[in-house]
Amino acid sequence: MPRLIDPGDGDAIGLDELTDALDSSDFDPHDEDAFAALGPLLAQLGRNQSFLADLALAELKAGGANQSVTSGYGLQVFLLAPPNGRYVVRANFWPALADPVVQASGTASFFYDMPHDHNFPFLTYGYLGPGYWSDYYEYDGAALAGQVGEDAGLRFIERSRLDPGKLMLYRMQRDVHVQLPPDSFSVSLNILGQHPAQPWIDQYRFDISRGVIAEGLTATPSQALATLAAHLGGEAGRELVEHLATRHPHPRMRAT
């Protein structure tokens with residue numbers, strides 16, 4: 001399951017203080033201990049019980065302009081610091097099943113009941129409400145070929161909740177979770193680690209009943225460009241695609 005981290009007892013900080021600290025750190029998100037060491041900073045932001053409401057009020061007064069420009073995550077996410085190639089900071093909203101937004105629109109937008117892993121590490125902190133539930137599994141993503149229907153070697157760990165003040169590190173290609181609605185509306189805070197290799201690290205949806213990979217969730221813009229080159233690029237496009245199919249270092253692009 002995700003790694004539990006001691007949140008420490010530091011005083012509450014603001015969002016600017018958090019991003020300043022992240023900007024001044026030379027952390028490698030693929031170094032688990034180095035990335036975990038950032039967790040207490042997120043907990044300090046989480047102890048600030050007014051910053052998120054203040055940002056929400058400012059965003060509403062601006063007509064949601066900033067979120068519509070900078071966020072590609074959908075209605076579940078309030079982007080706090082946009083992607084900069086090293087990290088993303090965000091707040092995630094977790095409505096309960098009885099909440100009007102779920103009654104009106106269903107659960108798909110909140111990714112409930114979808115078993116999946118991540119191709120990046122991220123820290124999460126229980127900020128508001130009782131917290132969402134998750135069924136947690138572990139697996140070794142690096143050992144898989146990534147084929148649909150492949151046995152994923154999933155090991156069930158437990159069902160638990162992101163309680164208020166709880167701080168965890170989700171490990172890429174290790175932790176699989178099936179998120180379930182909280183008992184009442186909840187909010188979590190995240191720091192997502194970004195790395196240049198991330199687009200080529202596979203993320204999966206799983207079939208828990210069979211213990212297998214159900215589908216790959218990762219694609220890169222260059223895969224779409226390769227398809228465009230094949231169909232519209234003429235002889236030059238075909239030559240390039242043939243080169244990619246045989247020489248590209250990643251099997252996903254070769255398959256494309």
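**View 1. The buried side of helix α1.** In this predicted model, helix α1 runs through residues 15-23, and its buried residues are L15, L18, T19 and L22. Look down the axis of α1 and those buried residues fall within an arc of 90 degrees, so they line one face of the helix. What do they pack against? Their partners are α3 (39-46), α4 (51-61), β2 (77-81), β3 (87-94) and β9 (186-193).

**View 2. Aromatic rings in pairs.** Searching the whole structure turns up twelve aromatic pairs. Take F120 and F122: the ring centres sit 6.0 Å apart with the planes at 50 degrees, so this pair counts as tilted. Y204 and F206 also pair up, this time edge-to-face, with 6.0 Å from centre to centre and 70 degrees between the planes.

**View 3. A ring cluster, and an arginine over a ring.** W94, F110, Y112 and Y132 get together in one aromatic cluster. Elsewhere on the chain, R86 lies over the face of F27, 4.5 Å from the ring centre.

**View 4. H248, a histidine in a loop.** You'll find H248 in the loop that links α8 (234-247) and α9 (251-255). Leaving out residues up to four places away in sequence, H248 touches W200, H243, M253 and R254.

Note on methods: Residues numbered from 1 in each chain as written. Predicted model: local features only at pLDDT ≥ 70, side-chain atom pairs only at ≥ 80, totals over all residues. Heavy atoms only, no water. Helix = DSSP H or I, 4+ residues; strand = E, 2+ residues; numbered from the N terminus. Contact = heavy atoms within 4.5 Å. Buried < 20%, exposed > 50% of the residue type's maximum accessible area, 1.4 Å probe, protein only. Arc of directions from axis to C-beta. Phe/Tyr/Trp six-rings, centres within 6.5 Å; stacked < 30°, edge-to-face > 60°. Lys NZ or Arg CZ within 6 Å of the ring centre and 35° of its normal.
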